[in-house]
Amino acid sequence: MGCYDCCIRCLGAVPYASLAATLLCYVGVALFCGGAHQALTHTDTLVQIHFTRSLQDYQGLADFIKYFQYVIYGLASFFFLYGILLLAEGFYTTSAVKQTFGEFRSTQCSRCLSLTFIIVTFTLAIIWLVVFAFSAIPVYFLYNMADACHYVNIKAETTVSLTQFGWVCMDARQYGLLHWNSVPGKVCGTAMTNICKTPEFYVTYDFYIAAFAGAGITLLALVLYLVPTTYNYAVLRFLGRKGIRC
């Protein structure tokens with residue numbers, strides 16, 4: 001067998017779908033973990049300075065930020081290892097299905113292992129769907145705040161007094177970021193526009209968008225994992241029923 005045939009044979013054993021899903025998973029998790037960690041750090045400062053006057057009102061959110069940042073560290077480590085395992089499983093099942101390596105065949109244990117990966121990956125996809133949905137909340141909050149600031153600024157160009165825009169407010173309590181008894185819990189009028197003019201506001205906004213996009217990319221990667229893994233498992237079961245060394 002020539003070098004060309006060997007190369008073609010090796011390339012035929014590469015699980016391209018699993019490889020693409022692994023790369024997407026790493027990119028998505030990196031975006032989510034990095035963006036969420038930095039966004040939470042800046043949120044800690046914004047809420048503490050502009051939305052609360054008492055440490056007691058803010059303590060619940062501060063504890064959540066602190067513990068969730070530790071969760072992010074564990075999440076990054078877990079998905080780094082899990083991505084490697086899924087890629088290895090993709091190589092194994094692809095080789096078994098295509099019977100690339102001579103007498104290499106699937107066994108009952110390998111099929112059970114593939115089924116386990118399918119169940120775990122499906123469970124993780126459901127969890128990431130929830131994460132994707134919840135990561136939209138701060139993006140939606142900051143988008144509305146930026147839009148409200150833009151409205152006040154446009155009106156300010158044709159109005160002498162800004163006091164009449166005191167009714168334009170953003171209430172963090174309505175989005176579940178603070179308790180209902182938090183004081184003031186909201187910012188209005190010129191105080192709100194002053195926050196929007198700070199670089200920290202837009203940096204926080206950009207980081208939350210990155211985290212939101214990362215969660216979506218990770219969810220897409222997990223779904224992309226499921227498609228070839230489920231297909232390969234179905235083929236392996238079919239080969240097993242045909243009596244190919246089970």
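**Pocket, cavity and core of a predicted model**

Me: Which helix gives the most to the lining of the largest pocket?
Reply: With six residues, the top contributor to the lining of the largest pocket is H3. This is a predicted model, in which local features need pLDDT of at least 70 and side-chain atom pairs count only at pLDDT 80 or more, while totals for chains, interfaces and linings use all residues. Residues are numbered from 1 along each chain as its sequence is written, and side-chain values use heavy atoms, without hydrogens and water. Helices are DSSP runs of H or I with at least four residues, strands are runs of E with at least two, and both are numbered from the N terminus; by that numbering the helix asked for is H3.

Me: In what order do the elements of the protein run from the N terminus on?
Reply: The protein has seven helices and two strands. From the N terminus on, their order is α-α-α-α-α-β-β-α-α.

Me: What is the volume of the largest pocket?
Reply: On a 1 Å grid over the protein atoms alone, a pocket is an open set of points with protein on both sides within 12 Å along at least five of seven lines, a cavity is a set where a 1.4 Å probe fits but cannot get out, and lining residues have an atom within 4 Å of a point. Points are joined across faces, edges and corners, and a volume is the space filled by probe spheres set on them. For the largest pocket, the volume is about 590 Å³.

Me: Which residues that line the largest pocket are the closest to its centre?
Reply: H2, H3, H4, H5 and H7 each supply at least two residues of this lining. By class it has 17 nonpolar, five polar and one charged residues, where Ala, Val, Leu, Ile, Met, Phe, Trp, Tyr, Cys and Pro count as nonpolar, Asp, Glu, Lys and Arg as charged, and the others, Gly among them, as polar. Of the 23 lining residues, the closest to the centre are Leu40, Phe64, Phe134, Pro138 and Leu177.

Me: Which element gives the largest share of the lining of the largest cavity?
Reply: The structure holds one cavity of 30 Å³ or more, with a volume of about 130 Å³. Its lining has 14 residues, with Thr43, Val47, Phe141, Leu142 and Leu177 nearest the centre. Helices H2 (16–50), H5 (136–156) and H7 (199–241) each give two or more residues to this lining. The largest share, four residues, comes from H5.

Me: How many charged residues are in the lining of the largest cavity?
Reply: Twelve of the lining residues are nonpolar and two are polar.

Me: Which residues is methionine 145 in contact with, leaving aside neighbours within four places in sequence?
Reply: Contact means heavy atoms within 4.5 Å. Under that exclusion, the partners of methionine 145 are Phe51, Met170, Val187, Met192, Ile195, Cys196 and Phe201.

Me: Why does serine 18 count as buried?
Reply: Serine 18 is in helix H2 and touches Leu87, Gly90, Tyr225 and Pro228, not counting residues up to four places away in sequence. Buried means under 20% relative accessible area, exposed over 50%, and partly exposed in between, with a 1.4 Å probe and protein chains only. Serine 18 counts as buried because its relative accessibility is 3%.

Me: Is aspartate 171 buried or exposed?
Reply: Aspartate 171 is in strand S1 (residues 169–171). Not counting residues up to four places away in sequence, aspartate 171 touches Phe141, Gly185 and Lys186. With a relative accessible area of 11%, aspartate 171 is buried.

Me: How far apart in space are aspartate 147 and cysteine 196, C-alpha to C-alpha?
Reply: Aspartate 147 is in helix H5 and, at 45% relative accessibility, counts as partly exposed. In sequence, aspartate 147 and cysteine 196 are 49 residues apart. Their C-alpha separation in space is 9.7 Å.
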